[in-house]
Amino acid sequence: MQELGMRYRARWIYTTFIMTAVFLCSSYKPLPVYEPEPILPEFILNIPSYKFIEPDFNDYSDPVITCDSASSTIQFSRAGNLILLRAKADTTEGYFILDTGAPYLILNMTYFRGYPGNPTAEGSEGGITGSVSSATPTRVKELTMGGFHYHGVEADRINLGHIEDSKGVKILGLFGMQLFKRFEMIIDYENNLIHLHLIQKKEARVYKSEMLRDATAYNTFPIQIKDNKLLLNAIIGGKTLSFVIDTGAESNIIDSRLPNKVFNNITINRRVVLAGNGQRKVEALYGDMSDFKIGDVSITKLPFLVTNLEEMCTAYNVSCLDGMLGFDFLSLHKIGFNFVTRKMYIWK
Amino acid sequence: MRWTRYNLIRRLLNLGLVFALLLYASPKVMAQPPVQSYKVKDGKMFIVLDRRLDDAALDVFIAKYDLYDLPLKEIMKGKLIDSLLRMGWYIEKGDPELLVISKRLESSGKVNNAADKIIFSDKNRSIAERFPSVSKDVKYGYNRFRNKYSFAVKDSMVTFFLRNNQNAWKVMLAGSFNEWQPDVLAMTKTDSGWIARVKLGPGKYWYKFIIDGRWTTDRDNLLEENDGLGNMNSVYYKTNWLFTLKLGGKETKAYVSGSFNNWEPRELPMTWNNNQWVLPVYLLEGTHTYRFVADGNWFVDPSNPDRFPNEFNEYNSVIRIGSPFLFRLNGYENAKKVILSGSFNGWKEYELFMRKANGGWELPYTLGPGNYEYKFIVDGKSSADPTNPEFRGIKGHSGNSFFTIGANYTFRLKGYANAKSVFLAGDFNNWSPNTFAMKKDGNDWILKVHLFSGKHLYKFVVDGNWVIDPSNKDWEQNEHENGNSVLWYGKIPEPD
């Protein structure tokens with residue numbers, strides 16, 4: 001009983017601290033109802049209100065964010081073409097991969113084994129083919145990255161050892177989409193810079209980085225966020241397809257089961273044989289897509305990895321996604337996102 | 001006027017003639033080249049090949065799409081159809097002049113999990129990984145230039161040289177030695193080209209020139225390598241060994257062949273220079289054996305007295321790079337021959353004959369930093385090294401001795417004070433469970449080994465049971481689902 005009382009007291013103190021911090025830093029908690037500005041009719045149908053909390057989407061509530069300054073420019077390092085952000089999760093400091101394809105914070109089990117949760121259940125993960133569903137959830141009290149402080153971050157833990165082995169870099173975890181939902185983020189691969197701005201409540205509708213002042217320098221495209229996935233519509237061979245924008249993928253990936261019209265525009269140039277689940281060998285093909293459009297903008301040659309993505313249908317439980325746009329797409333130009341107003345900016 | 005009309009008619013006639021000719025010739029002129037395509041349709045991949053394709057064209061196709069596992073040449077001749085079907089391919093019926101095979105693209109099951117997806121979509125490794133100047137995988141190398149001599153080297157300073165380009169405004173040098181930074185190493189103009197000096201240790205380096213902002217390989221360097229991303233880079237070896245051979249001068253060709261290049265006879269050509277055959281090379285630290293091949297004849301290096309016997313009852317010449325380690329076996333003064341055999345020479349039992357010295361047997365042998373296993377063979381009978389006593393009396397020991405050169409890390413196991421034997425196993429000793437015996441140190445067990453910088457996985461084998469390190473909280477899951485301890489040694493590699 002006494003212990004329970006202690007815990008409540010601790011929580012009360014914690015909450016008070018957080019509330020004060022929030023007040024002081026004039027950050028904000030999830031907004032109440034927010035109507036997005038009208039973009040295109042089809043997206044109005046698709047975009048739920050800003051405060052979209054899917055009640056059935058596990059129980060990862062968004063963390064509270066405080067900041068030293070609302071805007072921050074971060075010099076990032078790379079492992080191959082993956083963006084590495086230096087961050088501190090409670091007392092553990094090191095590199096995390098910026099992975100907009102991951103839904104939320106994912107920690108490397110190796111370095112967060114002692115965290116509350118159920119670490120022994122990892123056995124069911126079955127080595128490197130484990131799925132997120134068998135990962136073990138935990139909670140980071142404070143996650144600090146580039147002057148931003150996340151308080152009470154729900155996280156999954158999985159074994160990221162094979163990424164370390166492949167990249168030769170110690171990886172503490174993955175920064176998933178949930179951590180950036182309140183931000184404007186501009187990625188400059190050429191200079192290894194990320195510009196982040198924590199969008200405040202009162203500027204939610206209107207905020208735009210200084211870098212976006214000259215509207216003729218870039219194109220604007222609507223994006224969607226569903227289940228912490230960042231989605232973009234693109235047109236290939238006259239078909240509108242839905243892609244996940246994924247900074248954690250180096251190649252662009254497209255589903256081989258799409259209509260033939262889509263693949264009339266691809267030139268296959270390499271085959272790769274992968275180990276599938278079990279003994280089975282599975283092929284995937286690299287090719288160049290010659291007719292890729294977002295809005296009115298065409299990309300005449302975009303490399304894709306063609307593979308069967310039927311597994312994505314069940315996992316995203318919305319509808320099947322048609323592919324992913326990774327580094328090969330994101331690095332073409334300077335690129336920015338406003339995750340609050342759901343816009344993507346691509347510099348010309 | 002009339003002239004103009006006449007001219008027009010003539011032109012029309014001409015045009016008609018040309019058109020008629022074209023029509024007549026078109027089936028010949030426009031004959032299709034044999035079909036060969038790789039396409040995606042209906043969720044399947046299709047390979048379409050004209051049966052008239054010759055083997056050479058097929059080879060090109062196979063190489064382009066990496067189809068070496070498919071017996072395409074046989075299948076074109078109607079053979080090995082069964083094996084194709086077993087691999088999940090299907091032979092489409094239709095045009096008899098075409099071979100059309102298809103296979104459904106299956107799901108890899110690697111995209112849903114964030115971690116698996118990162119690996120699945122991975123194409124590249126980091127710069128440091130892709131361009132290591134010294135690595136266990138690069139045992140040797142030599143430079144091949146045309147139109148100019150290899151770069152001048154003084155002490156460890158290499159003078160990179162770009163010929164001509166006198167009209168260039170600015171030339172930069174970028175390479176693996178400066179992390180490919182384009183704006184760090186400016187080259188200086190000379191009367192014959194551009195130069196830049198770089199201090200390099202022996203090893204393999206990749207570079208490019210940036211001439212007025214344009215990246216280009218060294219056109220005078222015949223060694224180029226694709227970086228796996230489609231970029232070609234020039235390759236330069238900072239050499240650390242010079243082979244020289246003085247013969248009559250009547251030979252037309254001379255080569256070096258050795259343990260470092262798997263004894264390929266005609267891979268490393270020597271050049272005739274100052275009345276002798278020469279070849280400067282880069283060799284990885286350690287002990288290497290070699291012979292010369294001149295006009296088809298193999299022989300040892302006449303000017304090198306350092307020799308090991310080989311399997312043909314002849315000799316190989318020996319190169320030692322690095323500091324020697326003295327193997328010594330005390331006693332056995334009445335033995336006829338004592339042979340050293342170890343992981344460092346592929347456990348060969350005819351190569352390393354020890355010499356009688358100071359009341360025992362000795363052999364100096366040069367090895368780079370690492371962890372090594374060995375044994376002595378005394379008159380045909382294998383025995384471990386009695387002066388290397390760590391394992392003596394330990395149950396379950398493999399019987400091979402081991403030692404470490406350049407020990408830089410001490411493993412310590414706590415909490416097993418009553419264990420009878422403890423072995424250390426990890427990626428650094430091929431997970432050998434019964435060689436690296438640990439020593440008792442108070443209540444702990446300890447062992448010093450050499451570790452390369454980076455990530456290591458290890459476990460302890462305590463009285464035959466594999467256990468992870470109880471005092472290291474970092475461990476990751478393995479294929480047996482019982483975990484391996486994780487250790488990052490040295491300067492943790494910084495990302496690019």
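**Terms and values in a two-chain model**

Tutor: Chain A contains six helices and 24 strands. In this predicted model, local features need pLDDT of at least 70 and side-chain atom pairs count only at pLDDT 80 or more, while totals for chains, interfaces and linings use all residues. Residues are numbered from 1 along each chain as its sequence is written, chains are lettered from A and ligands numbered from 1 in the order in which they are written, and side-chain values use heavy atoms, with hydrogens and water left out.

Student: What makes a stretch of chain count as a helix or a strand?
Tutor: Both are DSSP runs numbered from the N terminus: helices are H or I with at least four residues, and strands are E with at least two. By that rule, chain B has six helices and 40 strands.

Student: Why is N159(A) called buried?
Tutor: Buried means under 20% relative accessible area, exposed means over 50%, and partly exposed lies in between, with a 1.4 Å probe and protein chains only. The relative accessible area of N159(A) is 5%, so N159(A) is buried. This residue lies in the loop between β8 (148-158) and α3 (161-167) of chain A.

Student: How do you know that the side chain of N159(A) makes a polar contact?
Tutor: A polar contact is a pair of N or O atoms within 3.5 Å; within protein, one must be able to donate a hydrogen and the other to accept it, and residues adjacent in sequence count only if both atoms are side-chain atoms. The side chain of N159(A) reaches the backbone nitrogen of G161(A) at 2.8 Å.

Student: Why is P303(A) called partly exposed?
Tutor: P303(A) has 30% relative accessibility, and therefore counts as partly exposed. P303(A) lies in strand β21 (residues 302-307) of chain A.

Student: Which residues does P303(A) touch, and what makes a contact?
Tutor: Contact means heavy atoms within 4.5 Å. Not counting residues up to four places away in sequence, P303(A) touches N252(A), G287(A), D288(A) and D328(A). P303(A) and D288(A) are 15 residues apart in sequence, and their C-alpha atoms are 4.3 Å apart in space.

Student: How do you know that β18(A) and β21(A) are paired?
Tutor: Two strands pair if DSSP finds at least two bridges between them. Five bridges join β18(A) to β21(A), and the two run antiparallel. G287(A) stands opposite F304(A) in β21(A). Strand β18 (residues 281-289) of chain A is mostly covered, with eight of its nine residues buried.

Student: What makes β2 and β12 of chain A edge strands?
Tutor: Six strands form an open antiparallel sheet in the order β2-β11-β10-β23-β24-β12 (chain A). In that sheet β2 (71-75) and β12 (218-222) each pair on one side only. Neighbouring strands are turned by 15 degrees against each other on average, direction ignored; axes are lines fitted to C-alpha atoms, for helices over the stretch in contact, and angles run from 0 to 180 degrees between N-to-C directions. β2(A) pairs with strand β11 (residues 193-198) of chain A in the antiparallel sense over five bridges, and L193(A) in β11(A) is the bridge partner of Q75(A).

Student: What makes the phi of N165(B) worth noting?
Tutor: Most residues other than glycine have a negative phi. N165(B) is not a glycine, yet its phi is positive, about 55 degrees. N165(B) lies in the loop between β7 (157-163) and β8 (171-175) of chain B. The relative accessible area of N165(B) is 28%, so N165(B) is partly exposed.

Student: Why is D379(B) called partly exposed?
Tutor: The relative accessibility of D379(B) is 43%, so D379(B) counts as partly exposed. D379(B) is placed in the loop between β30 (370-378) and β31 (381-383) of chain B, and its phi is positive, near 45 degrees.
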